[in-house]
Amino acid sequence: MFYQIWVALLYLYGIILNSIYQCPEHSQLTTLGMDGKELPEVHLGQWYFIAGAAPTKKELATFDPVDNIVFNMAAGSAPMQLHLRATIRMKDGRCVPRKWIYHLTEGNTYLRTEGRPDMKTELFSSSCPGGIMLNETGQGYQRFLLYNRSPYPPKKCVEEFKSLTSCLDSRAFLLTPRNQEPCELSNN
């Protein structure tokens, strides 16, 4: 009898806890513009990498030596193409430039990375002003990445990102230190 009462109380506790701490919803952004041919201009321009989350630390290990990253997203030279340039400030002070080409996928809400056919990137809105969230999936990994127009968004933005991604089974979390000045983005 005591066991049945205990089980019933735990069940009620679970229902109450679940109703109080429901995971926030996130609305997916459309990666295609109104004509289905381009990314809306609002997503172009300069972005700062703020934080990452993943099911395990392994998926975030590539960011361990990073202090900060600044990106520039621009329309590509071909239709349905985006050019992404980044300069990574390593914790040891070095600046490492990187380039990627994304291909918009007509009729879908994700981007494909040139040279990485296994990688898929989905864009999501962020409740944070000037923010965007990406979900990168590839061969054997998945990670969520938070970007913002400001290198120092409000702490509430990072807390909301962490809360949302923990609801999506991302137990590992990484916040870029941003202790050093961002590197200069090259025009090449």
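Q: Is Phe173 buried, exposed or partly exposed, and at what relative accessibility?
A: Phe173 counts as partly exposed, because its relative accessibility is 28%. Buried means under 20% relative accessible area, exposed over 50%, and partly exposed in between, with a 1.4 Å probe and protein chains only.

Q: What about Phe161?
A: Phe161 is at 3% relative accessibility, so it counts as buried.

Q: What kind of model is this, and how is it numbered?
A: It is a predicted model, where local features need pLDDT of at least 70, side-chain atom pairs count only at pLDDT 80 or more, and totals for chains, interfaces and linings use all residues. Residues are numbered from 1 along each chain as its sequence is written, and side-chain values use heavy atoms, with hydrogens and water left out.

Q: New topic. How many aromatic pairs are there?
A: The structure holds 5. Rings of Phe, Tyr and Trp (its six-membered ring) pair if their centres lie within 6.5 Å; planes under 30 degrees apart are stacked, over 60 edge-to-face, and the rest tilted.

Q: Why is the pair of Phe49 and Tyr147 called tilted?
A: Their ring planes stand at 50°, with centres 5.5 Å apart, so the pair is tilted. Phe49 and Tyr147 are both buried.

Q: Which aromatic cluster is there?
A: One is formed by Phe49, Phe63, Phe71, Trp100 and Tyr147.

Q: And what lies over the face of Trp47?
A: Arg149 does, 3.8 Å from the ring centre. The rule is that NZ of Lys or CZ of Arg is within 6 Å of the ring centre and within 35 degrees of the ring normal.
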